[in-house]
Amino acid sequence: MPRENLSHATQRGAIVVVENVVKRFGAFTALNDVNLEVGKGEKIVLCGPSGSGKSTLIRCINHIEKHDEDRIIVDGVELSNRIADINSVRCEVGMVFQSFNLFPHLTVAENCMLAPMKVRGLSQAEARDRALGLLRKVRIQDQADKYPHNCRVVSSNASRSRGRCACSPRSCCSTNRHPLSTLRWSRKC
Amino acid sequence: MNTLDFSILAQSWPYLWSGLLFSLALTAAAFAIGMVLGTCLALVQHFEIPLFAQIIRGYVAVIRSIPLILVLFWFFFLVPIVLGHLSGNGRPIPIGATYTAFITFGLFEAAYYSEIIRVGLLAVNKGQFEACQALALSTYDTYRHVVLPQVLRVASPIILSQTIILFQDTSLVYVLSLTDLLGAASKLAQLNGRLVEMYLVVAVAYLAISSAASQCVAALRKRYALATSR
């Protein structure tokens with residue numbers, strides 16, 4: 001998109017720009033004229049009661065939900081109906097789901113390797129090196145070849161690693177629903 | 001009083017063995033054709049492709065409503081006539097009993113497998129699809145590497161159960177004068193007069209194979225029950 005057409009916020013270096021966004025589910029309006037700017041390197045927390053639209057907003061940023069009005073710009077790319085735009089945003093946005101949504105038939109390492117191999121074209125060896133590096137950062141590298149249901153550590157770390165692994169090294173942001181869930185540990189036999 | 005005499009089995013084994021091999025070959029071919037075609041049919045219904053989804057639903061409903069033996073008769077007698085009309089000269093084009101059996105069994109099982117896989121697709125957690133979207137995986141990669149492997153793993157006990165039924169159904173090829181395990185035993189029984197012995201041996205063979213497969217079904221069920229429990 002030509003630089004002069006980007007919103008002023010983007011021109012100021014904001015990574016995520018939400019401008020007057022509206023999202024409706026039938027007659028119910030989940031997001032009503034929402035505005036948000038997230039700067040580079042900035043970490044923000046969205047707080048609100050249940051049903052206030054926090055998850056809907058996060059899902060709109062990743063285009064898992066399609067916003068109805070106005071625009072969302074992520075790292076200079078405006079989310080539209082163009083698949084190329086949507087995928088270019090998703091390649092740079094990591095997402096951790098509330099229920100983690102790990103792939104149960106793949107090991108933890110394979111969960112982290114799938115997207116880099118299929119989306120970014122990395123070789124299996126490169127993808128595995130990258131996956132193990134990220135798992136080492138969250139201290140679950142010893143769980144790499146286990147399946148999610150066999151892991152002794154709660155799946156949020158694995159889910160976060162998968163989300164980060166899918167992004168490019170310069171990925172702009174990651175969204176994490178219910179970050180306090182990472183404080184829970186569960187013991188598996 | 002007649003006593004059982006199994007000594008006749010010594011010279012009957014080769015013919016029974018050839019019949020068993022035919023049954024197993026037909027089962028394997030029908031399984032392969034049924035699974036590939038059934039997966040395609042299930043995906044078309046899953047994606048709700050206009051017109052094709054309705055046609056496939058109708059096909060599955062018809063096939064699952066009529067006995068296999070009737071489908072075998074239809075294919076053997078009607079398809080040559082239809083092909084003859086389509087070719088223009090009106091003369092029936094024979095397909096042959098063996099091709100009829102393999103094609104008919106494959107098409108028949110495809111309807112059943114497609115229903116198993118279609119329900120399996122519906123049972124996959126919506127979060128799996130969202131995770132694939134969030135990772136920018138293509139539709140092909142989503143189904144090839146994430147969704148279908150999960151469907152096939154979870155549905156494998158049901159698919160194997162259906163395959164056991166398929167193996168037992170191969171005995172129906174006698175209507176096409178083909179010789180499977182039961183057909184071989186019938187012919188030997190008529191030849192040597194030892195009906196009870198022949199049918200007992202065949203029953204034991206079916207029991208052994210089906211029981212072994214059922215044990216695999218139970219093992220698969222237990223494995224995936226453990227895998228999905230947290």
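Student: Where in helix 3 of chain B does the kink lie?

Tutor: Good place to start in this predicted model! The helix covers residues 68-87 of chain B, helices being DSSP runs of H or I with at least four residues, and strands runs of E with at least two, numbered from the N terminus. A bend is the angle between axes fitted to the seven residues ending at a residue and the seven starting there. The kink is about 35° and comes shortly before the proline B:P80, at B:L78.

Student: How are residues and chains labelled, and which pLDDT do local features need?

Tutor: Residues count from 1 along each chain as its sequence is written, while chains are lettered from A and ligands numbered from 1 in the order written. Totals for chains, interfaces and linings use all residues, side-chain atom pairs count only at pLDDT 80 or more, and local features need at least 70.

Student: What does chain B average in pLDDT?

Tutor: pLDDT is the predictor's confidence in each residue, from 0 to 100. In chain B, 97% of the residues score at least 70, and the average is 90.

Student: How far does helix 3 of chain B reach from its first C-alpha to its last?

Tutor: The expected span is 1.5 Å times one less than the number of residues. With 20 residues, helix 3 of chain B is expected to span 28 Å, and its reach is close to that, at 27 Å.

Student: Which residue just after helix 3 of chain B takes a positive phi?

Tutor: Look just past the end of helix 3 of chain B. The phi there is about 105°, and the residue is B:G88.

Student: How many helices does chain B have?

Tutor: Read along the sequence, chain B follows α-α-α-α-α-α-α-α. It has zero strands, and its helices number eight.

Student: Which elements of chain B give two or more residues to the side that touches chain A?

Tutor: Residues are in contact if their C-beta atoms, placed from the backbone, lie within 7 Å. By that rule, 17 residues of chain B meet 18 residues of chain A. The elements asked for are helix 5 (126-134) and helix 6 (139-169) of chain B.

Student: How many bridges join strand 1 and strand 2 of chain A?

Tutor: Strands pair if DSSP finds at least two bridges between them. Strand 1 (residues 14-25) and strand 2 (residues 28-39) of chain A run antiparallel, and one of the bridges links A:A14 with A:G39. The number of bridges is eight.

Key
Two residues are in contact if their C-beta atoms, placed from the backbone, lie within 7 Å.
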